[in-house]
Amino acid sequence: MKRIQALQILAAATADLPVVVTCAATSRELAAVADRPNHLYLLDAMGLAGSVATGIALGLERPGAGNGPVGKVVAIEGDGSLLMNPNVLPTGGFLTPGNLLMVLLDNQVYGSTAGIPTYATRIDLGRLAEASGWSVLRATGPEELRESFGRALTLTGPVFLHVRIEPGNAPDVPKLLEDPVVIARRFQDWLHDRTEEAAVTAP
Amino acid sequence: MTSPPVPPRPGAAGTATASTAPSAGRTGPPPYAAAVAAGLRDSGADLIGYVPSASVAPVITALVAADGGTGGSSERVFPLSREEEAMGVLGALPLAGRFGAVVMQDNGFGNALTALTTFNAAYHLPLLVVANTRGGLGEYNSMIHTLCQHVPGLLDRLGIRVFELDRRSGPGDWRDVIAEAGAHARMTFRPVVVLTHFWSTDGKGA
């Protein structure tokens with residue numbers, strides 16, 4: 001499965017969820033698949049997607065509310081990016097936000113920097129998440145990804161979905177040149193409206 | 001020939017003024033640490049993350065105790081393992097309609113600058129950072145000066161607003177400045193840093 005195929009599946013499954021996506025090719029490809037206000041693209045700050053998603057999850061979490069008012073906060077990370085800030089794993093395991101879901105698209109290379117191999121060629125990042133206290137699910141093909149993602153949404157606690165994908169970037173995907181302030185503002189407005197809507201419909 | 005005795009400076013270590021003098025049998029935090037904790041509470045921070053430092057340990061203890069927490073954590077105060085992730089975790093709160101603060105020491109800006117500039121500042125996300133200083137007067141570590149003496153200049157060069165507090169003002173001023181820095185961060189939609197120089201206060205300078 002190529003990254004863009006995985007992103008097509010994730011985009012279809014996350015229309016109503018806040019999604020924080022790591023920089024460069026992953027952000028570009030997700031925007032090419034579906035550019036929506038529930039996407040927070042990190043245009044730089046490689047490695048920070050998991051931390052940002054953790055912060056949003058903590059900000060939305062209410063004691064006893066399980067998945068929080070809007071369901072899971074989804075981080076889409078790459079293996080190279082996660083390895084830049086692996087602290088996100090023990091931090092998530094320690095703070096245990098019930099509404100945090102990290103999807104790791106692991107192609108074992110730095111996809112945006114000439115395909116240089118990452119530690120993921122020898123280190124199982126899913127096991128690292130397991131050791132840090134996350135619930136870990138795994139997927140390799142499209143069907144498995146659909147099914148595992150659906151299951152991940154039903155679990156409480158930080159959930160780590162480890163997805164093996166092929167190396168390589170989708171061709172002819174335009175660069176993402178939007179002003180980060182605009183990206184932040186539209187995400188913030190979307191999340192505000194979504195939270196209000198969830199509060200109104202809550203039993 | 002002997003030198004005449006040097007008169008003590010107001011507020012100098014060992015010469016605490018009435019407002020800062022530790023009272024016998026006091027069990028709470030020293031007044032300057034208590035002022036930082038109170039300023040953080042007054043700042044409107046919904047959640048506070050910290051990266052440990054001996055200077056801010058009494059601040060954290062006071063914040064956690066006020067919330068009824070234990071073991072260095074409470075519902076709204078928690079540790080983080082590195083300053084970079086602190087900028088991501090607490091800096092993301094405004095996206096969810098909330099506001100965060102980070103307590104750390106200033107040599108951690110070396111770890112935090114990419115996140116602070118390309119996330120918090122670039123996305124116009126308010127954040128209050130309160131950092132005790134290393135590398136100034138009273139510092140014992142010969143290496144830490146290399147980074148820390150440049151922190152105010154570095155932050156200024158990067159467009160990050162900095163306010164500094166030291167022995168020349170009392171705990172009440174520290175509390176007010178920290179609280180107002182939180183309002184300033186929200187008003188400017190940017191991260192704001194308060195550098196606290198504990199040397200020659202009743203706190204631990206290094």
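Q: What is the relative accessibility of Arg151(A)?
A: It is 40%, so Arg151(A) counts as partly exposed. That class sits between buried, under 20% relative accessible area, and exposed, over 50% (1.4 Å probe, protein chains only).

Q: What am I looking at, and how is it numbered?
A: This is a predicted model: local features need pLDDT of at least 70, side-chain atom pairs count only at pLDDT 80 or more, and totals for chains, interfaces and linings use all residues. Residues are numbered from 1 along each chain as its sequence is written, chains are lettered from A and ligands numbered from 1 in the order written, and side-chain values use heavy atoms, with hydrogens and water left out.

Q: OK, back to Arg151(A). Which side chain does it meet in a salt bridge?
A: That of Glu147(A), at 3.5 Å from N to O. A salt bridge here is a side-chain nitrogen of Lys or Arg within 4 Å of a carboxyl oxygen of Asp or Glu. Glu147(A) is partly exposed too, at 46%.

Q: Where do Glu147(A) and Arg151(A) lie?
A: Both are in helix α7 of chain A, 4 residues apart, about one turn. Helices (H or I, at least four residues) and strands (E, at least two) are DSSP runs, numbered from the N terminus.

Q: Why does that spacing work for pointing the same way?
A: An α-helix has 3.6 residues a turn, so residues three or four places apart point the same way.

Q: What about Arg185(A), which side chain does it bridge to?
A: Asp189(A), at 3.2 Å. Arg185(A) is partly exposed at 45%, and Asp189(A) is partly exposed at 33%.

Q: And which salt bridge does Arg76(B) make?
A: The side chain of Arg76(B) meets Asp67(B) at 3.1 Å. Arg76(B) is partly exposed at 22%, as is Asp67(B) at 28%. Elsewhere in chain B, shared partners link Asp166(B), Arg167(B) and Arg168(B) into one salt-bridge network.

Q: How many salt bridges over all chains?
A: The count is 15.

Q: New topic. Which residues touch the most other members of the largest nonpolar core?
A: Val52(A), Ile56(A), Leu95(B), Phe109(B) and Phe119(B), out of 93 residues. Helix α3 (residues 49-60) of chain A gives the largest share, 7 residues. A nonpolar core is a set of buried Ala, Val, Leu, Ile, Met, Phe, Trp, Tyr and Cys residues joined through side-chain atoms within 4.5 Å.

Q: What does Leu95(B) touch?
A: Leaving out residues up to four places away in sequence, its partners include Leu40(A), Val52(A), Ile56(A), Phe187(A) and Leu191(A) from chain A, plus Phe119(B) and Leu125(B). Contact means heavy atoms within 4.5 Å.

Q: Now Leu82(A): where is it, and in which helix?
A: Leu82(A) is in helix α4 (residues 79-84) of chain A. It is buried, at 1% relative accessibility. Beyond four places in sequence, its contacts include Met102(A), Leu104(A), Leu125(A) and Phe160(A).

Q: Which residues of helix α1 in chain A are buried?
A: Arg3(A), Ala6(A), Leu7(A), Ile9(A), Leu10(A) and Ala11(A); the helix spans residues 3-13. Their cover includes α2 (25-33), β3 (73-78), β4 (100-106) and α7 (142-152) of chain A.

Q: Which residues other than glycine have a positive phi?  I mean Ala45(A), say: what value?
A: Ala45(A) has a phi of about 50°. It is in the loop between β2 (39-41) and α3 of chain A, and it is buried at 5%. Thr96(A) is another non-glycine with positive phi, near 45°. Thr96(A) lies in the loop between α5 (88-95) and β4 of chain A and is partly exposed at 41%.

Q: Last one, overall. How many helices and strands does chain A have?
A: Chain A has 8 helices and 8 strands. Chain B has 7 helices and 6 strands. Buried residues make up 54% of the 203 residues in chain A and 50% of the 206 in chain B.
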